[in-house]
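Please keep the sequence and the structure in view while reading.

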Amino acid sequence: MDIYKEDLHIHTNFSPCGHPSATLENIIAESVKKGMKKIAITEHYYSPESNEGDGWVYTTPQKILNHLKELKEKQAELKPPFVILIGIEADVRKNGIDYIPEEILDSCEIVMACLHHIPGTKIRWNHRYGEEEHGIVKQVVKENGKAKLIEDTLKLYLKISKNRRINQIGHPFKELAMSTLTNKENLIPEDLLISFYDNLKENNISLELNPSIWGIATPESKFFIRNYIDYLKLAKERGVNFYFGSDSHRPDTIGQNSRKEIDELLIGRK
Ligand SMILES: [Zn+2]
Ligand SMILES: [Zn+2]
């Protein structure tokens with residue numbers, strides 16, 4: 001089977017970053033057109049400690065609970081000819097995803113965890129490419145050094161890799177690809193990577209192959225991308241399972257990919 005017939009990272013327009021056309025009806029119609037076999041709706045869920053000024057706290061526990069319920073009801077009504085899992089993209093904070101009420105986790109068919117914030121700050125890695133955001137990265141680096149920030153980031157990954165409520169980790173290391181942190185002198189420490197991967201395998205958490213990482217282009221990220229393939233291959237060697245997630249915010253990008261050979265190598269032809 002074509003590995004891209006499964007896409008486990010899709011948003012509806014419930015998320016403020018979702019395109020207005022991203023209704024469940026349109027997502028189903030597009031998926032039928034593309035012959036999808038399985039998709040997952042993973043709506044953003046942010047902690048109340050997120051930067052409210054940036055508009056990232058857009059929902060409340062009650063609103064997301066109602067929304068998940070509505071999606072399930074609509075799915076039952078529309079009867080799509082393929083599997084849809086309904087869940088969340090949980091934003092990882094210093095305590096992992098502990099801020100999420102149990103009731104929400106219980107109502108999810110899939111829980112994906114993703115890093116969006118620079119550890120120890122309320123600032124998103126990717127909110128403003130290269131401007132204020134990188135100024136803050138520079139400030140954090142000036143205080144503690146690059147290696148420390150890479151290590152702090154990996155510690156968050158280690159934390160979530162021990163949480164059995166999590167099914168999958170979305171856009172892994174994308175924040176490191178976007179920042180100017182990794183270079184020839186500053187790699188992700190292999191011992192931390194191996195512990196992370198071994199935890200994922202033990203706790204049955206899969207790792208996402210995300211097409212957006214390949215498109216990031218700064219001189220530093222080009223260096224990162226070369227290493228990224230090795231980071232993923234190491235995960236495969238340690239027995240980690242992969243899945244494909246397009247992170248679609250509009251229906252037409254469902255199943256859209258960019259590095260078929262690598263994805264097929266890592267997911268394995270089905
Ligand atoms: Zn994300
Ligand atoms: Zn997403």
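Leaving aside its neighbours within four places in sequence, with which residues is Leu266 in contact?

## Basis of the model

This is a predicted model, in which local features need pLDDT of at least 70 and side-chain atom pairs count only at pLDDT 80 or more, while totals for chains, interfaces and linings use all residues. Residues are numbered from 1 along each chain as its sequence is written, and chains are lettered from A and ligands numbered from 1 in the order in which they are written.

## Leu266 in α9

Apart from neighbours within four places in sequence, Leu266 is in contact with Leu209, Leu232, Lys236 and Phe242, where contact requires C-beta atoms, placed from the backbone, to lie within 7 Å. Leu266 belongs to helix α9 (residues 260–267); helices (H or I, at least four residues) and strands (E, at least two) are DSSP runs, numbered from the N terminus.

Leu266 is buried, as 21 other C-beta atoms lie within 10 Å, the scale being buried at 20 or more such atoms, exposed at 12 or fewer and partly exposed in between, with C-beta atoms placed from the backbone. The C-alpha atom of Leu266 is separated by 9.7 Å from that of Glu237, which is 29 residues apart from Leu266 along the chain.

## The whole protein

The protein has 9 helices and 7 strands, and 40% of its 270 residues count as buried. Among contacts with a separation of 6 or more, 79% are between residues 24 or more positions apart.

In helix α1 (residues 24–33), the buried residues are Leu24, Ile27, Ile28, Glu30 and Ser31. They lie on the same side of α1 because they cover an arc of only 165° around the axis, an arc taken from the directions from the helix axis to the C-beta atoms.

The cover over these buried residues includes β1 (6–10), β2 (38–45) and α2 (61–78), whereas the face of α1 turned away from the buried side carries the exposed residues Val32 and Lys33. After α1 comes Gly35, with a positive phi near 65°.

## Packing of α5 and α7

Helix α5 (residues 146–160) packs with helix α7 (residues 190–202) at an angle of about 15°, their axes being 9 Å apart. That makes α5 roughly parallel to α7, a label for angles under 35 degrees. Leu154, Tyr157 and Leu158 of α5 make the contact with Leu192, Ser195, Phe196 and Asn199 of α7.

Methods
Axes fitted to C-alpha atoms, helices over the stretch in contact; angles between N-to-C directions. Parallel < 35°, antiparallel > 145°, perpendicular 65-115°, else oblique. Contact = placed C-beta atoms within 7 Å.
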